[in-house]
Amino acid sequence: MISVLTPLPVLLPLLGAACALLVGRHPRVQRTLSILVLSAVLTVSVALLLLADHSGAEAVSLGGWPVPLGIVLVVDRLSALMLVVAATVGLGVLVFAVGQGSADGDEETPLSIFHPTFLVLMAGVANAFLAGDLFNLYVGFEILLTASYVLLTLGGSAPRIRAGITYVVVSLLSSLIFLAAIALVYAATGTVNMAQLADRLADLPDGTQLLLQSMLLIAFSIKAAIFPLSAWLPDSYPTAPAPVTAVFAGLLTKVGVYSIIRTQTLLFPGGALDGVLMWAALATMVIGILGAVAQTDLRRILSFTLVSHIGYMVFGIALATTAGLAGAIFYVVHHIAIQTTLFLVAGLVERQGGSTAVDRLGGLAKASPLLAVLFFVPAMNLAGIPPFSGFIGKLGLLEAGVADGGWLPLTLVAGGAVTSLLTLVAVSRVWSRAFWRPPAQSPVADSSRAAAADAGPELTPEPIGAVASGNGHADGDGAEVPDGGALPTRATAAGGVATRAAARRAAWARHTAVATATLPAEDGLGEGRRPGRPLRPLPRVMVSTTAVMVALTVALTGVAGWLYGVADRAAADLVDRRPYVESVFPGGEVP
Amino acid sequence: MTPTIVLPVIIGGLYAAGVYLLLDRSLTRVLLGFLLLGNATNVLLLSSGGPAGLPPIIGIAEPEDMSDPLPQALILTAIVITFGIAAFVLALIYRSWRLVRQEVVGVDEEDRRVAAREGMDADELDPDDLAPEDRPAAHADSLHGGGLENDFAAEAALARRYAGIASDDVDLPPTQRRTR
């Protein structure tokens, strides 16, 4: 049964992508097809998880080649659990994107490209989770990265190209380091099969082992955005379309975390670099969250919390105990769901408020109470407020750290608690500014006509040379700016001083509002709202998808007992290593 | 069997040149650096297969005398991936050139903005900290009295200081909407 199902999470999206490309001219067919494919993947993944949890790990050798030669896909509890979560958020994001696409009329995200690329991305993620040898893991990474390059630069606007170039170059570098590490591993052991490596790597000299382990860890750490190697993430993620950022934030970094788990448990269980990882985890948590507190743009805040909370998972991995790994696995599941949901909510906020800059937003709680709830619940979940899964995950990790008892784990426990509090500070600042305070001036009101109305009818016209320079760039519609042909003459000041003062006050208020606005709208650098696109009510599909995702993150609390049980058993398998090796080589005879 | 020195030297040279180019700001050089690094890694993969031997598969050699075919298969895969991504990066560079007439690694403006911020956001500014003429409007808890008188004082100060210069924010343009 498992042998039939295992290749499907990779195969279905790839075939689906091909079909989606073929039917690119029929958006409706394409949407239905993509959603059907991902639903099928989700069903298969759930079945795999239930089977793997029931009967343990199993390996499938593709193409009928004998095991160390052919490509092996391995399903154990960890990879099946990751598959389920990935397919769930993938499906949620896809439905959200469909809602956004039908609301926007494809103006920002050309959907005929989006759907196939998204499916390829999901195939790459599934391949990385299932890969049983290092080179197949590399290929999985390349599939998902290539798809992500396309998704990140979708539409090809200047800010996306700028962000995309940073992302592409950094990802390429990490891929090259990974490939070089594979070459060295092969030179040292003569195999790239992970189960075989688990047997052979231990025989190598310590120095060689350390070199290979650190090269693999560096490559994966770049992908997982662990502190000294995390600077690329907040630069590149926020500019992409909302669904793309959501799926990137949820899945891509976690593939790196998954690979680190495999490296640290299956390939190099000696724990030679655990101390280094601990320090990296502490730095990731604290520096990441300090970045989040300093930012004023919602998406960037979320990007920094994403970096910061990777530190929790690395902490659990570095503990290298069953409890620590179980906490890390649970936290990965929680964090994929919560970070994706929050980025989807950020997309809704941008739609409702016209911006994600917290300085410019205001009064969202009054404007859209539903949106406020949709933001508040996952935000509290992210910060780790008790009834939610964030609290359970953090508690599990902190308990594992305390149980370890060394001074370094205890320092990390303290760092984790501080990070949790600072997360609360960061998200509550967003809450109080964007949602709670009275509405800021909406950008739509800032047109030259409104400014002229402020100035009052008594005011005499001035020549064009005195036109306020600050108003032009934020105009709602540029057609109102008078051209040279309609130059009025300077007349004597007819209005009284009081009228002028009132007019000047109003003009000042507008002037400061424009001058302190954080988003240069038209110069192609900022993310200014598109002129001429009025604020519309939130599309129902997007809201309901986000609501379902929020409900899922809340439901994580309800199934936390079962989920933590699976995570526990997965962690026990990882520490034991034998289930994985025996699934590939039945009987445990490693050639 | 004597180990060859040629491959390690080539690998080292390619890596050095690749890293040097990758650190440049010009995107074309970054791409060239990436290509060199990719080739260096491919040669590294090739040399990981051990000493060269007779061709495998075609059946003219005993298995002991053959080259290891696996690294070559890996290199083929890696070459295809590198090729595809290089084409994509070229397209990115071209697009960047079309859009902003430059092909260098861009600056993240939001980063600069946050770094340059002086500890406060616009909505945290206390009007009392500003010079009178910079205060946008009177507000209830102003230390300076506030109200219309204060505004008049600011107006007068502005008028004195900038006598002869057309004001830029008051005398707004005519309000008729242009007919189209």
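A:A225 belongs to the loop between α9 (206–224) and α10 (232–236) of chain A. Is A:A225 buried or exposed? It is buried, because 26 other C-beta atoms lie within 10 Å, and 20 or more are needed for that description.

## The nonpolar core and chain A

The largest nonpolar core holds 211 residues, and the members that touch the most others are A:L81, A:I182 and A:I329. Which helix gives the most to this core? That is helix α14 (residues 322–353) of chain A, which supplies 18 residues. For A:I182, when neighbours within four places in sequence are left aside, the contacts are with A:L134, A:F135, A:Y138 and A:V192.

The UniProt record, an unreviewed entry, lists residues 131–413 of chain A as "domain: NADH:quinone oxidoreductase/Mrp antiporter transmembrane".

## A:V95 in helix α4

A:V95 is part of helix α4 (residues 77–104) of chain A, and it is buried because 23 other C-beta atoms lie within 10 Å. Beyond its neighbours within four places in sequence, A:V95 is in contact with A:I35, A:V541 and A:T545.

## Chain B

From the N terminus on, chain B runs α-α-α-α-α, which amounts to 5 helices and 0 strands. Of its 180 residues, 23% are buried, and among contacts in chain B between residues at least 6 apart in sequence, 41% join residues at least 24 apart.

For chain B, an unreviewed UniProt entry gives the annotation "transmembrane region" to residues 6–23, 30–53 and 73–94. In the model, residues 6–23 of chain B are 94% helix and 0% strand, with end C-alpha atoms 26 Å apart. Residues 30–53 of chain B are 75% helix and 0% strand, and here the end C-alpha atoms lie 36 Å apart.

## Confidence in the prediction

The predictor assigns the complex an ipTM of 0.75 and a pTM of 0.78. Chain B has an average pLDDT of 75, with 67% of the residues scoring at least 70. Where in chain B is confidence lowest, and where is it highest? The lowest mean, 68, belongs to helix α5 (residues 147–161) of chain B, whereas the highest, 92, belongs to helix α1 (residues 6–22) of chain B. Where pLDDT is low, the predicted coordinates should not be read in detail.

Note on methods
Residues numbered from 1 in each chain as written. Chains lettered and ligands numbered in written order. Predicted model: local features only at pLDDT ≥ 70, side-chain atom pairs only at ≥ 80, totals over all residues. Helix = DSSP H or I, 4+ residues; strand = E, 2+ residues; numbered from the N terminus. Buried ≥ 20, exposed ≤ 12 C-beta atoms within 10 Å, placed from the backbone. Contact = placed C-beta atoms within 7 Å. pLDDT = per-residue confidence, 0-100. UniProt positions renumbered as here; feature names shortened; annotations may be inferred. Core = buried A, V, L, I, M, F, W, Y, C linked by C-beta atoms within 7 Å.
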